[in-house]
Amino acid sequence: MPNDTDPEGVIRALDKVGIDFSIPKPALVDFLRNAEFTPYPAMSAALLALLDGNMLKRPVFLDVIVFNYEHSPGDPSPRRIEDVNTGLLEASVLEGFNDRYPQQETAFSGLLKPLDVPQPPVQPAQTPSLVVEGSSGVQGDVTLVDTDNPRVEITTHLIKVNSEAAQAMVAQELHRENNGWRFTNGDVHLSVSNGEADVGPRPVRAGSLSDDALAWPTVDGTFSGDTGAEVRLQSRIRVGYRPVDVKLLVESRKGFAANVAARGRIALDPQVLLVPVEVARFFSDQFPVSNISMTGQMALWDQVPVLNATTNFRSLDGGTGELNFAERQWDVWPTLNNEHLYTHLGWISPDGIWGRAKVRFRLVNYIDIKTDNVHAAPVSGDGLTDRRLRENNDALTGHPQHIADKPVLKVIFMERIAPPDSDHIGQALIGSGSIGIAAGTTADKDANIAHEIGHLITGSQAHSDLPNNVMNSPGPGIQITDDQAQKARSWAAQFAGFWAH
C-alpha cells in the first residue's frame with residue numbers, strides 16, 4: 001500500500017477500489033501530503049485496509065466520505081490510521097453512496113463486490129456532450145480553443161436525491177428566467193482544475209478561474225428530476241496554454257449527486273498569442289470614475305460574467321444542514337452583439353478585433369489609484385494635452401502593485417485623458433507600452449480601446465483611410481488588414497515570457 005508521502009500512488013490505489021474525488025486534484029494532493037493537519041492520509045489508508053480484496057460497486061467521493069466522518073457526533077478528525085473508527089468509516093461511505101445514487105443501500109456490505117471478479121460496465125443514463133466555444137482542433141485528449149475565455153455547454157439529466165429532512169427522495173429542479181436561476185434540492189457548477197493557476201506565481205496573476213464556475217441553463221424554463229428532464233447548462237471559464245480539466249459537479253441535499261455529464265480537457269491553442277493587461281483607474285473625490293471596476297474590466301477583457309451580490313445565496317435546512325436551494329442572478333452575462341463581438345459599457349472587447357490575428361488579451365492586474373482632480377480630469381492651459389496621462393503612466397510604473405518584472409500592456413482609465421477642449425477620448429503612449437482611455441466621455445466608444453492598442457502595434461500615431469478599419473479616425477471600425485495582423489503578432493510576441501512556467 002502506498003504511504004502518505006506518495007499522493008499520486010494513494011489516488012491510484014483508491015481509484016482501483018472505487019474511491020474517487022470531487023475536489024480539484026491539486027487540493028487533494030496537498031491534503032494527502034499533510035498527515036499532521038488533515039485526516040486524508042489516515043482515512044485513505046484506513047479505506048484501503050477496509051476494502052482489502054473488495055471494491056465499491058459504484059464510486060464514492062473521498063472528500064464526501066471525509067466530510068461525513070468529520071461531521072459525525074464528536075467531530076472526529078483522525079491523524080493516524082489506528083485512530084480511525086471502522087464502524088464510523090463504513091457509515092460514512094454508506095452515507096456518501098446513498099447521497100450520490102438513487103439506489104439506496106442499508107448496509108455497508110451491500111456496497112461491495114470482489115476486486116478480482118470482472119464486472120459488466122454500468123451503462124450511463126444518457127449520452128453526455130460537451131461543447132466549447134472557439135474550438136480549433138483536438139490534440140490528444142485536449143480540446144484546443146482560439147479564445148482564452150470560452151463558453152462551455154454541458155448536457156445532463158436531473159434526478160431525485162435523498163433528503164433527510166423529508167425522509168424521502170426529492171427531485172432536483174432547475175428554473176431559469178432571464179438572467180436569474182434557482183436550483184432546488186442542490187446546486188451546480190463546473191469544476192475547473194489544474195491549468196495556469198496551479199503552476200506557479202506568474203500564471204496565478206492571470207486570475208484563472210481554477211476553483212469552479214457557476215453553471216446555469218442555456219434557455220429559460222423549468223426542468224425537473226421528477227421526469228428525468230434533460231437540461232443543457234452553460235458556463236464561462238478562462239483557459240491558458242496549460243490544459244484545464246473541466247467537469248460538471250452537481251450537489252445533492254448533502255454531498256454530491258450522481259448526475260451524468262461529460263468531462264473534458266481544454267487549452268488555449270498555442271498559435272494564439274496572449275497579451276497580459278494591467279488596468280489602472282485614476283480617480284479623485286470630484287471625479288470618482290465609478291463606472292470602472294475590477295468586475296467590469298473582467299467582463300470587458302475576458303467576458304467573465306458579473307454576479308449580482310444581492311441575489312446570490314444558498315438556503316440550508318435548519319435541522320439537518322441540507323441544501324434546500326441555490327438562487328443567483330447575473331448582473332452581466334456577456335453576449336455577442338449584431339457584429340458578433342463582445343461589448344461592455346460601450347467598448348468592444350479588443351479580443352474580437354485583434355483576435356482575427358490570433359492575438360488575445362487577458363486582465364492580469366487591476367489597481368485603483370486615488371489622485372488629484374487634474375490627474376483624473378485634465379484642465380485647459382495646463383501644458384501638452386497628454387501631460388497628465390504621461391504623469392499618470394509614470395505614477396503607475398512606480399506603483400508597488402505594478403507588474404514590473406515582465407512586460408504588460410498598461411491601460412489607464414481617467415475621467416478625461418486630455419483637457420475638455422480636446423477631442424481625444426483615447427491616447428497611445430508609444431514607447432511606454434501604455435494607453436489612456438477616457439471613461440467619462442459620452443462619445444461613441446466602440447472600438448476605441450482596440451484602436452489605441454493598434455497605435456502601439458504599429459508604433460505610429462498614423463491612421464488608416466480604409467472604410468471600417470480599426471485604425472480609421474474618427475470612428476474606428478472593426479476590421480484589420482493582413483499587414484496589421486502580422487504586425488499585431490510581432491508585437492504580441494514580446495509578452496510570451498509572461499506565461500512561461
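**Helix packing and sheets**

1. The axes of helix α1 (residues 7-16) and helix α2 (residues 25-32) come within 9 Å of each other and cross at roughly 110°, where axes are lines fitted to C-alpha atoms, for helices over the stretch in contact, and angles run from 0 to 180 degrees between N-to-C directions. The two helices α1 and α2 are therefore roughly perpendicular, a term that covers 65 to 115 degrees.

2. This is a predicted model, in which local features need pLDDT of at least 70 and side-chain atom pairs count only at pLDDT 80 or more, while totals for chains, interfaces and linings use all residues. Residues are numbered from 1 along each chain as its sequence is written, and side-chain values use heavy atoms, with hydrogens and water left out.

3. In the contact (heavy atoms within 4.5 Å), Pro 7, Glu 8, Val 10 and Ile 11 of α1 meet Lys 25, Leu 28, Val 29 and Leu 32 of α2. The residues of this contact divide into six nonpolar, no polar and two charged.

4. Four strands form an open antiparallel sheet in the order β5-β8-β17-β15, pairing being assigned if DSSP finds at least two bridges between two strands. Its edge strands are β5 (130-132) and β15 (216-217); β5 pairs with β8 (residues 151-157) over three bridges, and Val 131 has Glu 153 as its bridge partner in β8.

5. Five strands make up an open sheet in the order β16-β11-β12-β22-β21, again with antiparallel pairing. β16 (221-224) and β21 (306-316) each have a single partner strand, so one side of each is left without a neighbour in the sheet.

Conventions:
Parallel < 35°, antiparallel > 145°, perpendicular 65-115°, else oblique. Nonpolar A, V, L, I, M, F, W, Y, C, P; charged D, E, K, R; others polar.
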